[in-house]
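My notes follow in the order I took them.

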Amino acid sequence: MSGNVTVVGHPLVLHKLTLMRDKHCPSAVFRQLLREISLLLAYEVLRGLPMTTQTIETPLTEMEAPILKGKKLCLVSILRAGNGLLDGMLDLVPSARVGHIGLYRDPQTLAAVEYYLKLPEGVDERRIIAVDPMLATGNSVSAALNRLKQAGAKDISFMCLLASPEGIEALAQAHPDVKVFTAAIDERLDEHGYIVPGLGDAGDRMFGTK
Ligand code: URA
């Protein structure tokens, strides 16, 4: 397994993930849990943000206080399920810019087909965090990362909820420079490219579609 993968095995993350995996979990609860987990995952993804100090005055005295420095953040949602991870992250970093990449999986080939792209200016100077709840075959995530690199992105992390060993391996081959953060790595993919045991189709679970 690549050294670029961080599994965020915090008890709260694992507990919420178990609730989400349960097929009886209603969409509204699923969405709420996804939002909560995204916040906890983002806490870990953003751990390495560079800091500087700034002189401030507390009510008692002046001090050099730590403050975030450097590159601006850009969150990139891989549509449509990636949107479920955005709100929690934006609660943490409200000033981050947000991009969207629309990709769907061709059901026959499982290849990623792009249908939408909107990115903020200056992606080359930003720290990019691409998000999609499921890293399954790795095809769509890899295509999204290719697209971001084409647009000039140089500093990219990828955050998901669940990953397959196959997806992790595919991403390590195609994008060894991208750090991956996930709540869990499941057993395998099935013949349709679904993660097993997984949680089903994340978009369908979020939006109540089938
Ligand atoms: N996408 C999903 O939503 N679920 C999977 O298991 C695989 C890909």
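I took helices (H or I, at least four residues) and strands (E, at least two) as DSSP runs, numbered from the N terminus. The model is predicted, so I kept local features only at pLDDT of at least 70 and side-chain atom pairs only at pLDDT 80 or more, while totals for chains, interfaces and linings use all residues. Residues are numbered from 1 along each chain as its sequence is written, and side-chain values use heavy atoms, with hydrogens and water left out.

**Entry: cis peptides**

I checked omega. The bond from Val196 to Pro197 is cis, with omega near 0 degrees. I found Pro197 in the loop between strand 14 (195-196) and helix 6 (202-207). The bond from Leu79 to Arg80 is cis too, with omega near -5 degrees. Arg80 belongs to the loop between strand 4 (73-79) and helix 3 (83-92). I noted that most peptide bonds are trans.

**Entry: ligand site**

Which residues surround the ligand? I listed residues with a heavy atom within 4 Å of it. They are Arg105, Met134, Ala136, Gly193, Tyr194, Ile195, Gly200, Asp201 and Ala202. By class, this shell holds five nonpolar, two polar and two charged residues. In this scheme Ala, Val, Leu, Ile, Met, Phe, Trp, Tyr, Cys and Pro count as nonpolar, Asp, Glu, Lys and Arg as charged, and the others, Gly among them, as polar.

Next I looked at backbone distances. A polar backbone atom of Ala202 is 2.7 Å from a ligand oxygen. For Ile195, a polar backbone atom lies 2.8 Å from a ligand oxygen. Gly200 places a backbone N or O atom 2.8 Å from a ligand nitrogen. The protein covers 89% of the 230 Å² of accessible area that the ligand has on its own (Shrake-Rupley method, 1.4 Å probe).

I counted two strands as paired if DSSP finds at least two bridges between them. Three strands form an open sheet in the order 8-10-12, with parallel pairing. Strand 8 (134-135) and strand 12 (184-185) are the edges; each has a single partner strand, so one side of each lacks a neighbour in the sheet. Strand 10 (residues 162-163) is joined to strand 12 by two bridges. Leu162 stands opposite Ala184 there.

**Entry: hairpin**

How many bridges pair strand 5 with strand 6? I found six, in the antiparallel sense, between residues 97-105 and residues 112-118. Tyr104 faces Val113 of strand 6 across the pairing. The two strands form a hairpin with six residues between them. In the turn, Leu110 has a positive phi of about 65 degrees. Most residues other than glycine have a negative phi.

Methods. Polar contact = N/O pair within 3.5 Å; in protein donor to acceptor, adjacent residues only side chain to side chain.
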